Every structure is written in structure tokens, then in C-alpha cells.
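Reader: I would like to learn how to read a few features of a structure. Please take me through them in turn.

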Amino acid sequence: MGSVADDGRPGRVDLAPPERLARTVAAWEGEAGLQWLERLPGQVAGYLERWRLTPERVFAAGGQISMIVLVRAEDGSPAVLKVGMVNRETAQEHAALAHWDGRGAVRLLQADAERGALLLERLQADVSLRSLAEARAMLEAEAVLQRLWVPPAGGHPFTSVAEYTEYLAGTLRERRDRDWAADARPLIDEALALRDELLASAPEEFLLHGDYHHGNVLAGERMAWLAIDPKPLVGERAYDLAWLARDRLSTLAAQPGSRSAARRRVAKLASALDVDPERLRGWALFRSVEAGVWSLSVGDREPGELLLEFAGWL
């Protein structure tokens, strides 16, 4: 089940959700996630047949809330079928990819956005910026971002940074008073105050990737590097740089002088992309605290504590 025969009928490729996908969806999405996982093989098989795709293999190391299938289109050209859970972060992925139209990002070929199904150009799934030395990876990442940061179209559907972080801030306030968050309360309070301060003087409006880091930039054919998996927002560029500022965090934490190295990284990124370093510091701190507290809330203690440690360095 899962491949497509010459007559268009489903063939016999296993479409069971990969272990990583099943584990993260069950942990993050609860009962709704389990129900989605149960429907997923049939849903993927339906798109293979409807869009006349021939799968080569399921990419087991693919998305955390999406199934990635390497396929061939009807004309034999390579492509990727991505079927993911639709939530507040992923609902406008198709719209961002359509707006970029391949400039700095993977090209969208077809979409059923309501059900989270996207047909994308094939990139080198196993080769991301993480394969490069850090200094080179940062240079390449900066170049791609400069192509992605464009004004949104009039009447665009994208959530603003202000709206999205209001939701994050509300959840952060709720978690602040949990017993397991006691040690993080000073950082949580600082993060919430910084967010309010930053939004009181938001200086610009660009279409942002929203989840930009080395792992979300893959090697391509028509361009050397292209971004994937956006969780698009509209707002200031400093927000988009916050994840890049904490990339390869385990390596950063393992080296001597981690605090100074983190601050130097923020300063270098801000200078390279003409962003206010204090605004980048503020958004990096807010996003790291929010992500760290979220990780603690789902029992992911080690990455949660590391994110909070990074926020403390800033």
C-alpha cells in the first residue's frame, strides 16, 4: 500500500507514520494527534492517487508533525509530498511559499491547504546547513534570509508577530505559576516585559519565515540553499533571527565562554543583517524562554533547561 502503479491504483509501499513523527505527535497533540495519525496513511494514499504521484520512499527523518514522502510526478520529475497537521503555526505555510514563489524557499507545486497537503519541489533532504561549519552556515543562512524578507502583499492572510506572541505570552503566564517553573520565574518575567517593550515600538513589517534555523535550509538544484517548513508571520526581522541566534545550542553550551560567545553571535547577526542588536537580544530571549518553558511542560527537561540557560546568557 502506498505506491502508485501504472494504472494509477495504490501499490504496496508502507505508509505507516515514521516512529519520530508518531512519537512527537502523540506527545505534543494528545488524543487529537493520535486520531490524526490513524487517518494519516489513508490520507497520504489518497493524495498519491489524486495527484498521480509515484512514491519512492517515506523520509523517516522528516517533519515532527508532518509526513514526508519522496515521490515522482506524473511526468517523472522528482517532488515531495508533505502531509501535516494543520494548526495556528502551519495553516499559512502554503501562502508564504506561494508568495516567495521559489525565491529563497522551496517551490510550491500544488496544495490542499485545508488538509495540510503540499506538493513541493525536491531538495536534498539529507543535506542541510548543519552539514557546514558554523561560520559558513551562518553566512549562507543570512543570504537566504535576505531573499525571504519581502513585504507581504496587501490583504495578506498572515498572523502578525504581535498577535502570535500574545498567544505565546498568555500561555507563558499560565505556566509561570506551576511548581516546575519556579526557578524560571525571573526569566519568564523578563521575557514578558521585553515582549511588551518591543511591541510598543515595532519598526517594520516583513514576511518572516517564523522557524528559521540551519536545519530548515536544504541544498537544492536550482539554488544552492533553500528554506523549508516556514511558520510564517508578519513583523520585524529581529524576531526571525532569534532562532538563528540560538542555533547549534548544544555545541555553543559545550565550549568555554558560552555566555560571551552567545552575545558575540547576537551582535554579529545583527550587524550582518542591519538589525538593532538590542531588539534581536530581546526577541532571542523571549523566544528561548517561551520554548524552554514549553519543553519543560511536555517533559522535555534537558532541551528546556538548555534554552533557559541560553536566555540567561543574553
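Reader: Over which residues does pLDDT stay under 50?

Author: This is a predicted model, and pLDDT stays under 50 over residues 1-10. For that stretch the model has 31 contacts beyond four places in sequence. The protein averages a pLDDT of 92, and 96% of the residues score at least 70.

Reader: How many aromatic pairs does a search of the whole structure find, and what describes such a pair?

Author: Two things describe a pair of aromatic rings: the distance of the centres and the angle of the planes. The search of the whole structure finds 6 aromatic pairs. One of them is formed by W28 and W294, at 5.1 Å centre to centre with 80° between the planes, and is edge-to-face. W28 is in helix α1 (residues 19-50) and W294 is in helix α9 (residues 277-297), so this pair ties together parts that are 266 residues apart in sequence.

Reader: Are W28 and W294 buried, exposed or partly exposed?

Author: W28 has 30% relative accessibility and therefore counts as partly exposed. W294, at 27% relative accessibility, also counts as partly exposed.

Reader: Why is the pair of Y239 and W283 called edge-to-face, and not stacked or tilted?

Author: Planes over 60 degrees apart count as edge-to-face. The ring planes of Y239 and W283 are at 80°, with the centres 5.1 Å apart, so this pair is edge-to-face. Y239 belongs to helix α6 (residues 237-245) and W283 to helix α9, so the pair ties together parts that are 44 residues apart in sequence. Both Y239 and W283 are buried. With F286, these two residues form one aromatic cluster.

Reader: Which residues lie over the face of Y167 and of W243?

Author: R88 lies over the face of Y167, at 3.7 Å from the ring centre. Over the face of W243 lies R287, at 4.5 Å from the ring centre.

Reader: How many cavities of 30 Å³ or more does the structure hold, and which residues line the largest cavity?

Author: Empty space is found by rolling a probe the size of a water molecule over the atoms. In this structure there is 1 cavity of 30 Å³ or more. The largest cavity has a volume of about 30 Å³. Its lining consists of P18, L21, F59, A60, G62, G63, S66, M67 and I68.

Reader: Which strand gives the largest share of that lining?

Author: Strand β2 (residues 66-72) does, with 3 residues.

Key: Residues numbered from 1 in each chain as written. Predicted model: local features only at pLDDT ≥ 70, side-chain atom pairs only at ≥ 80, totals over all residues. Heavy atoms only, no water. Phe/Tyr/Trp six-rings, centres within 6.5 Å; stacked < 30°, edge-to-face > 60°. Helix = DSSP H or I, 4+ residues; strand = E, 2+ residues; numbered from the N terminus. Buried < 20%, exposed > 50% of the residue type's maximum accessible area, 1.4 Å probe, protein only. Lys NZ or Arg CZ within 6 Å of the ring centre and 35° of its normal. pLDDT = per-residue confidence, 0-100. Contact = heavy atoms within 4.5 Å. 1 Å grid on protein atoms, 1.4 Å probe; cavity = no way out; pocket = protein on both sides within 12 Å on 5 of 7 lines; lining within 4 Å. Points joined across faces, edges and corners; volume = space filled by probe spheres on them.
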